Amino acid sequence: MANYTTLEIVQENPNSAVFYLYLNRPNHRNALSRDFFTEFPRALSSLDQNPDVNVIVLSGAGNHFCAGIDLKTLTSISDQFVSGDRGRAGEKFRREIKELQEAITAIERCRKPVVASIHGACIGGGVDIVTACDIRYCSKDAFFSVKEVDLAITADLGTLQRLPSIVGYGNALELALTGRTFSSSEAKDLGLVSRVFGSREELDNGVRVVAEGIGLKSPLAVRGTKAVLQRSRELNVEQGLDYVATWNSAMLLSDDLSEAVSAYAQKRKPVFAKL
């Protein structure tokens with residue numbers, strides 16, 4: 001596997017199709033450096049293209065998930081655009097923001113489901129990341145904040161676009177305007193996370209069970225479920241039904257379907273080919 005300065009990829013069990021992607025700057029509470037925005041989409045792409053990978057668990061090394069964007073990175077980016085022609089500087093700055101956005105959107109572009117395993121701080125850019133993930137779990141000690149407003153920034157890496165569909169428009173607006181810290185239990189009440197575990201160890205074990213379970217299912221069915229749900233966010237019911245009909249007309253009649261039916265009839269676990 002490739003070496004990264006801000007990330008680490010781990011396959012804990014050589015017989016498992018679950019791979020772990022760690023934000024790996026624990027001494028900086030996994031704050032997002034400029035290198036992260038280059039490495040993160042590369043790492044996700046490598047996992048996406050790896051046929052041995054069925055599920056990706058995204059977590060943070062050390063005591064926290066992610067403390068948001070590194071302030072040194074923020075200062076470095078802003079310093080590049082303080083002089084020269086304002087129009088050209090603005091156009092270049094916009095391209096820079098779009099590049100950072102694409103790094104986070106890489107989670108959604110990844111065909112494999114990405115499960116966020118959150119402990120400790122999940123602040124600012126950390127919320128951008130987890131709102132792009134497919135499933136979110138956290139430990140009891142986790143806490144969250146849409147912090148950008150306190151740094152005189154309009155959050156621009158995806159939280160304002162994704163959070164309303166997860167927790168509701170009014171809740172998202174309140175969290176984004178106040179920048180307040182909210183607990184794991186409130187995150188569960190809001191629907192930001194699906195479950196809160198009592199400890200980091202329980203979180204790790206619980207997420208592993210869920211990820212392993214998904215990893216044993218038909219890769220085509222899992223891929224299709226993620227793709228159809230994502231597309232359906234932009235469609236009305238009739239359009240969404242038309243989309244999934246088109247999808248299944250191409251994907252449904254597969255060896256996976258035959259294997260699933262045979263396994264059910266023979267009372268055994270199905271074994272599916274890699275994707």
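**Notebook: helix packing, pocket and cavity**

I began with helices α3 and α4, which cross in a right-handed sense; a crossing is right-handed if the near helix is turned clockwise from the far one by less than a right angle, and left-handed if anticlockwise. The model is predicted, so I note that local features need pLDDT of at least 70, that side-chain atom pairs count only at pLDDT 80 or more, and that totals for chains, interfaces and linings use all residues. Residues are numbered from 1 along each chain as its sequence is written, and side-chain values use heavy atoms, with hydrogens and water left out.

**Entry 1: α3 with α4**

I looked up the geometry of this pair and found an angle of about 20° with the axes 8 Å apart. Axes are lines fitted to C-alpha atoms, for helices over the stretch in contact, and angles run from 0 to 180 degrees between N-to-C directions. Therefore α3 is roughly parallel to α4; angles under 35 degrees count as roughly parallel, over 145 as roughly antiparallel, 65 to 115 as roughly perpendicular and the rest as oblique. I took helices as DSSP runs (H or I, at least four residues), with strands (E, at least two) likewise, numbered from the N terminus.

From α3, Ile104, Ile107 and Glu108 make the contact, and from α4, Asp128, Ile129 and Ala132. Contact means heavy atoms within 4.5 Å. Ala, Val, Leu, Ile, Met, Phe, Trp, Tyr, Cys and Pro count as nonpolar, Asp, Glu, Lys and Arg as charged, and the others, Gly among them, as polar.

**Entry 2: α1 with α3**

I turned next to helix α1 (residues 34-49), which packs with α3 at about 30°, the axes being 9 Å apart. Therefore α1 is roughly parallel to α3. The crossing of α1 and α3 is left-handed. On the α1 side I listed Arg34, Phe36, Phe37, Phe40, Pro41, Leu44 and Asp48; they meet Glu96, Glu99, Leu100, Ala103, Ile104, Ala106, Ile107 and Arg109 in α3. The classes in this contact are ten nonpolar, no polar and five charged residues.

**Entry 3: α5 with α6**

For helix α5 (residues 159-167) and helix α6 (residues 169-178), I noted axes that come within 7 Å and cross at roughly 130°. Therefore α5 is oblique to α6. Their crossing is right-handed. Leu160, Leu163, Pro164 and Val167 of α5 meet Tyr169, Asn171, Ala172, Leu175 and Ala176 of α6. I counted by class eight nonpolar, one polar and no charged residues.

**Entry 4: largest pocket**

I recorded a volume of about 530 Å³ for the largest pocket. Its lining has 25 residues, of which Ile69, Leu74, Glu148, Leu151 and Ile153 are the closest to the centre. A pocket, on a 1 Å grid over the protein atoms alone, is an open set of points with protein on both sides within 12 Å along at least five of seven lines, while a cavity is a set where a 1.4 Å probe fits but cannot get out; lining residues have an atom within 4 Å of a point. Grid points are joined across faces, edges and corners, and a volume is the space filled by probe spheres set on the points.

At least two lining residues come from each of α2 (71-79), α3 (86-109) and α4 (125-132). The largest share, four residues, is that of α2. I found the pocket lining to be 14 nonpolar, five polar and six charged residues.

**Entry 5: largest cavity**

I found two cavities of 30 Å³ or more. The largest cavity holds about 80 Å³ of space. Among the residues lining the largest cavity are Asn54, Arg111, Lys112, Ile214 and Val222. Elements giving two or more residues to this lining are α8 (200-215) and α9 (219-232). The largest share, three residues, comes from α9.
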